[in-house]
Amino acid sequence: MPSAVRRPTATAQSKERDYNPLDVTSEALPKYKEAMDAKPPNFPAAMAVLNSLQSKVPADSYDAALIHQYKLQIYLQQGDFAKAIEPM
């Protein structure tokens with residue numbers, strides 16, 4: 001019989017997650033939005049903003065999750081489904 005899966009439990013010592021973007025992210029996202037709001041969307045400019053921002057945020061942060069989500073959306077909008085798998 002397999003052993004039971006142990007799930008982490010919240011403790012008083014658990015680190016509280018902060019779901020607010022860092023200042024560097026908050027400053028860069030308007031540039032991303034401007035590129036995506038253009039008609040037609042300027043995907044290369046939007047991706048450049050995200051790529052430069054990705055090196056400035058911790059890999060396990062809320063900001064990194066946002067960046068991956070936005071990259072995924074760009075790839076899907078372009079119909080590049082194979083590349084869309086990477087940020088997932």
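What is the handedness of the crossing of H1 and H2? The crossing of H1 and H2 is left-handed, a term used where the near helix is turned anticlockwise from the far one by less than a right angle, with clockwise giving right-handed. The model is a predicted one, in which local features need pLDDT of at least 70 and side-chain atom pairs count only at pLDDT 80 or more, while totals for chains, interfaces and linings use all residues. Residues are numbered from 1 along each chain as its sequence is written, and side-chain values use heavy atoms, with hydrogens and water left out.

**View 1. The contact of H1 with H2.** The axes of H1 and H2 come within 8 Å and cross at roughly 165° (axes are lines fitted to C-alpha atoms, for helices over the stretch in contact, and angles run from 0 to 180 degrees between N-to-C directions; helices are DSSP runs of H or I with at least four residues, numbered from the N terminus). H1 and H2 are therefore roughly antiparallel, the class for angles over 145 degrees, whereas angles under 35 degrees count as roughly parallel. Val24, Thr25, Ala28, Lys31, Tyr32, Ala35 and Met36 of H1 meet Phe43, Ala45, Ala46, Val49, Leu50 and Leu53 of H2, contact meaning heavy atoms within 4.5 Å. This contact comprises eleven nonpolar, one polar and one charged residues (Ala, Val, Leu, Ile, Met, Phe, Trp, Tyr, Cys and Pro count as nonpolar, Asp, Glu, Lys and Arg as charged, and the others, Gly among them, as polar).

**View 2. The cis peptide bond between Lys39 and Pro40.** Omega is about -5° for the bond that joins Lys39 and Pro40, and Pro40 lies in the loop between H1 and H2.

**View 3. The crossing of H2 and H3.** Helix H2 (residues 43–54) and helix H3 (residues 62–78) have axes that come within 10 Å and cross at roughly 155°, and the two are therefore roughly antiparallel to each other. Their crossing is left-handed. Among the residues that make the contact are Phe43, Met47 and Leu50 of H2 and Ile67, Tyr70 and Ile74 of H3.

**View 4. The contact of H1 with H3.** The axes of helix H1 (residues 23–37) and H3 come within 12 Å and cross at roughly 10°; H1 and H3 are therefore roughly parallel to each other. Thr25, Leu29, Tyr32 and Met36 of H1 make the contact with Asp63, Tyr70, Gln73, Ile74 and Gln77 of H3, and by class these are five nonpolar, three polar and one charged residues.

Key: Angles under 35 degrees count as roughly parallel, over 145 as roughly antiparallel, 65 to 115 as roughly perpendicular and the rest as oblique.
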